[in-house]
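Subject: Structure handover

Hello,

Here is the structure we talked about. Please open it alongside this message; my notes follow below.

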Amino acid sequence: MALFAIGDLHLSLASEKPMDVFGGGWEGYVDKIKLGFERVAPDDTVILCGDLSWGMTINESLADFRFIGELPGKKIILKGNHDYWFETVAKAKKFFEQNDIPNIEILNNNHFIYDEGAARVAICGTRGWLYDENMDGTHNGKIMAREVIRLEASLKSAPPDAGKICFFHYPPRFKNYVCADIIAVMEQYGVKRCWYGHIHGAAHRFAVTGTADGIEYNMVSADYLKFIPQRVCFSQTHML
Ligand SMILES: [Fe+2]
Ligand SMILES: [Fe+2]
């Protein structure tokens, strides 16, 4: 039993936005994802950190979710900025059920307990936000405030005695940008490790990884990981 994370599969199996056109690492990316998931066993769990499908509606995303459902392991998904298919948790759950798509859970104002014996942790998180993407004042602040509320709801839902780890789509730190609002909530709940995606191609070099002010940051967008899910390791040297 193991825990993995990867973001930004950007699937487009039934719509016209294949990522292969970007060339480089994205060429043949669907096969690369399949190959990358060979390291995942059926009883493992994989967190998918947003930007899952280019479908504009949930029905347009059906082929993508069939593909995700067939990948090994239980999947816990969270929303990215390109997940236009996502409307509500209830609608997505019903859709997965009606279409017999197994093993997909949604991280949204909730948590999931992951227990591999030596490590029992609560998987928490939300999409997050980057202030400098749309500098349009109040609107932007509202989105940030909403994401902070969602993160708090997720962390609050977890048992107080469980170690908490966080998963986001947007990076809480990027280049010189520090998302103080999100980081403050992680600090408040004693979160010491987090994972995020969203950053692609040439921007990888600005990604913040490693420990900053007591929190460990891990970048897991698919092209950064060469489409191989990253193992989330728990050891005595790893902070929960
Ligand atoms: Fe992305
Ligand atoms: Fe994104």
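What share of the 240 residues in the protein chain is buried? The figure is 40%. Please keep in mind that this is a predicted model.

**Overall build**

The chain holds 5 helices and 13 strands. Its radius of gyration is 17 Å, close to the 18 Å that the globule rule gives for 240 residues, so the chain is as compact as a globular protein of that length. Along the principal axes, the C-alpha atoms fill a box of roughly 45 × 40 × 35 Å. Look at the contacts too. Of those with a separation of 6 or more, 78% link residues 24 or more positions apart.

**The core**

The largest nonpolar core has 59 residues. Those with the most contacts inside it are A5, I47, C49, I123, F167 and C194. Start with A5. Leaving aside residues up to four places away in sequence, A5 touches I47, C49, F167, W195, V220, P229, Q230 and V232. Three of those partners, I47, C49 and F167, are also on the list of residues with the most contacts in the core.

Helix α1 spans residues 29–36, and its buried residues are Y29, I33 and G36. Seen down the axis of α1, these fall within an arc of 65°, so they line one face of the helix. There is a simple background rule here. An α-helix has 3.6 residues a turn, so residues three or four places apart point the same way.

Helix α2 covers residues 62–70, with D64, F65, F67 and I68 buried. They cover an arc of only 155° around the axis, which puts them on the same side of α2. What do the buried residues of α2 pack against? Their partners are β3 (74–78), α3 (89–98) and β4 (104–106).

**The six-stranded sheet**

Next, find the open sheet of 6 strands. The order is β5-β6-β7-β10-β12-β11, and the pairing is mixed. Which strands stand at the edges? They are β5 (112–115) and β11 (210–212). Each has a single partner strand, so one side of each is left without a neighbour in the sheet. Neighbouring strands are turned by 30° against each other on average, direction ignored.

Strand β12 shows both kinds of pairing. With β10 (residues 193–196) it runs parallel, joined by 4 bridges. There, W195 stands opposite N218 of β12. With β11 the sense is antiparallel, over 3 bridges. On that side, T211 has E216 in β12 as its bridge partner. β11 and β12 also form a hairpin, with 2 residues between them. D213 sits in the turn and has a positive phi of about 45°.

**One residue to look at: M219**

M219 lies in strand β12 (residues 215–219). Is M219 buried or exposed? M219 is buried, because 21 other C-beta atoms lie within 10 Å and the cut-off for buried is 20 or more. Not counting residues up to four places away in sequence, M219 touches Y196, I199, A207, T209 and Y224. V208 and M219 are 11 residues apart along the chain, and their C-alpha atoms are separated by 7.5 Å.

Best wishes

Note on methods. Residues are numbered from 1 along each chain as its sequence is written. Chains are lettered from A and ligands numbered from 1 in the order in which they are written. This is a predicted model: local features need pLDDT of at least 70, side-chain atom pairs count only at pLDDT 80 or more; totals for chains, interfaces and linings use all residues. A residue is buried if 20 or more other C-beta atoms lie within 10 Å of its own, exposed if 12 or fewer, and partly exposed in between; C-beta atoms are placed from the backbone. The arc is that of the directions from the helix axis to the C-beta atoms. Two residues are in contact if their C-beta atoms, placed from the backbone, lie within 7 Å. A nonpolar core is a set of buried Ala, Val, Leu, Ile, Met, Phe, Trp, Tyr and Cys residues joined through C-beta atoms within 7 Å. Two strands pair if DSSP finds at least two bridges between them. Axes are lines fitted to C-alpha atoms, for helices over the stretch in contact, and angles run from 0 to 180 degrees between N-to-C directions. The radius of gyration is taken over C-alpha atoms; the globule rule is 2.2 Å times the number of residues to the power 0.38.
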